[in-house]
Amino acid sequence: MEIPLMCLHMAPNTPWDWNYTTVPLTGLNGASLSYPRGHVLGGTSSINCEVYTRGSSADWDRYATYTGDSGWSWKNILPYFKKSEKFTAPSDQHNITGDFNPSAHGFGGFLSVSLAGAPTPVDALFTEAIGQLDGEFVANEDINSGSQLGFGWSQSTIDGPSGSRSSSSAAYLHPVLQRPNLHVLVNAQVSRILRNGSKKGLPSFLEVEYRVNGSGPLLTVTASKEIILSAGSINTPQILMNSGIGDSQKLSAVGIQSVNLSDHPLVVLPFLVNSTATYDDFNRNATLVAQETQVWERTRKGPFVNGLTQHMGIPIFETAPNPAAGTNSPHFEIFLANFLPAASPPNTHFVSIAAIMLTPGSTSRGSVNITSSDPFSHPSIDAGLFMSSTDIPIMREALRSILCLASAPAWDGPSQPGVNATDADIDAYILASTSSAYHVVGTSAMAGLGQSGGVVDSKLRLKNVSGVRIVDASVLPFVPGGHTSAPTYAVAERAADLIKSDY
């Protein structure tokens, strides 16, 4: 779990994954998708693919406008990104001048962030290809500066000096485990929060019900001030609904609206290459994996210090209506990835380029619902992918962008097959090949105080009750134009200040 490149082996169908599966998805012709969530200290930050992107300044300004709280604006949230972050030199200590913008980053926080720590043969080729292509293929020194558009080096939640994953557990929890007021109970699962009376005319919830080791009696613990619910975008709404807090038409509720899940679809294009210097053999040669693991353990160098991707591009294109948050917000993201075809034939080698559609339309919304009176049964999950008219055209454009990139002369070969594919061909590939990027938000979304919608107010307090605050990605009302790990840390850092100000 600590080895960055092993991220693709963390899920699905492992002991560190909740191993959820979606319902058949209407937008994917009835296909069901695996839906990994971390079943380990640190949650999904311990099993994700470590990509660190914050979203655009317009994403955060939209949150501020939507909630009526300027504290969520880019100007005011950027200090929390910096506060959480400890930007570190990469494992190989190569010169990173010009590969990122130091003024956009923090260097004294808990969460380690770094650039790729081992060179790959495609590094120079990628840069050359971008230079050979016009239009959307422009350089961006740092996609985390608030203005995302363009191509550059990707940043990852990896600690450069140790060449290891920086999860919320490794970064925030382990350094303070000896604090006398901190107690960590592992192998415990919460079933419900329990009402203990009323406060200022609202139902008060201060008790948490749970069990240990998957069996035995239900136990309770009582908070003295408030419960902070941080179970993630799937389990937080599950706990609320098990507690009778949810859609009033489905549950004995206190008037909070139903969940409103938003996610990013992902498609991978693997390209056959005439080189053996790829990562394919790490999927099919256990001896090689053991050797490189030893190199990592001994030196904290070598290919295993790299995460999912070294290079990333975030373009924009004309579409009407435009679902992006603003003019500096991208419609999709493409990146050179260490994804490998699961059943690639022996002696073949691939380079993969992946696309994530970042701007799902307003009707591309799913849900989380309980399906049983057993609070520990898996919930029903609808990812809501491709339910808006703008979704497929944007993803199609993303794949065309990949095909254009792959046709650049730098790759020293003929135009890749498919560069002249029809829209129908590309759409068929999208529907057959899409998975989720697992960027799940919105299931306990923020809304402004006094607004009828939303599950929490802009201070993250559960609406219409007393004693509960939600602090995880589920509070984001729209999925940001990037991966969701970095935004979740910023939400948590601001939440810490909100909590301290209340007490």
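I245 is buried, with a relative accessible area of 3%. This residue of the predicted model sits in the loop between α5 (232–242) and β12 (265–272). The points below cover loop residues, helix pairs and salt bridges.

**Loop residues and a surface patch**

- T348 belongs to the loop between β14 (332–337) and β15 (350–357).
- T348 has a relative accessible area of 17%. Buried means under 20%, so T348 counts as buried.
- Leaving aside residues up to four places away in sequence, T348 touches L272, D280 and R284.
- L41 is in the loop between β2 (34–35) and α1 (57–67).
- With a relative accessible area of 39%, L41 is partly exposed.
- L41 also belongs to a nonpolar patch on the surface, together with L177, V184 and V186. The accessible area of these residues together is about 290 Å².

**Helices α1 and α2**

- The axis of α1 comes within 9 Å of the axis of helix α2 (residues 74–84).
- These two axes cross at roughly 115 degrees. The range from 65 to 115 degrees counts as roughly perpendicular, and α1 and α2 are therefore described that way.
- On the α1 side, S57, W60 and D61 make the contact. On the α2 side, the contact residues are W74, I77 and F81.

**Helices α8 and α9**

- Helix α8 covers residues 391–406, and helix α9 covers residues 423–433.
- Their axes come within 10 Å and cross at roughly 100 degrees. The helices α8 and α9 are therefore roughly perpendicular to each other.
- From α8, the contact is made by I392, M395, R396, L399 and R400. From α9, it is made by D423, I426, D427, Y429, I430 and L431.
- R400 and D423 form a salt bridge, with the closest N and O atoms 2.8 Å apart.
- R400 lies in α8 and D423 in α9, so this pair ties together parts that are 23 residues apart in sequence.
- Both ends are partly exposed: R400 has 26% relative accessibility, and D423 has 37%.

**Salt bridges across the chain**

- The count of salt bridges comes to 15.
- One of them joins the side chains of E493 and K83, at 3.9 Å from N to O.
- E493 lies in helix α10 (residues 485–502) and K83 in helix α2, so the pair ties together parts that are 410 residues apart in sequence.
- E493 is buried, with a relative accessible area of 9%. K83 is partly exposed, at 39%.
- K83 and E493 are also part of a network of salt bridges that includes D497 and K500.
- R469 forms a salt bridge with E226, and their closest N and O atoms are 2.8 Å apart.
- R469 is in strand β19 (residues 468–470), while E226 is in the loop between β10 (215–222) and β11 (227–229). The pair links distant parts of the chain, 243 residues apart.
- R469 and E226 are both buried.

Technical notes:
Residues numbered from 1 in each chain as written. Predicted model: local features only at pLDDT ≥ 70, side-chain atom pairs only at ≥ 80, totals over all residues. Heavy atoms only, no water. Patch = residues over 30% accessible without salt bridge, like charges linked within 9 Å, V, L, I, M, F, W, Y side chains within 5 Å. Areas by Shrake-Rupley, 256 points an atom, 1.4 Å probe, with all protein chains shown as cover. Salt bridge = Lys/Arg side-chain N within 4 Å of Asp/Glu carboxyl O. Helix = DSSP H or I, 4+ residues; strand = E, 2+ residues; numbered from the N terminus. Buried < 20%, exposed > 50% of the residue type's maximum accessible area, 1.4 Å probe, protein only. Axes fitted to C-alpha atoms, helices over the stretch in contact; angles between N-to-C directions. Parallel < 35°, antiparallel > 145°, perpendicular 65-115°, else oblique. Contact = heavy atoms within 4.5 Å.
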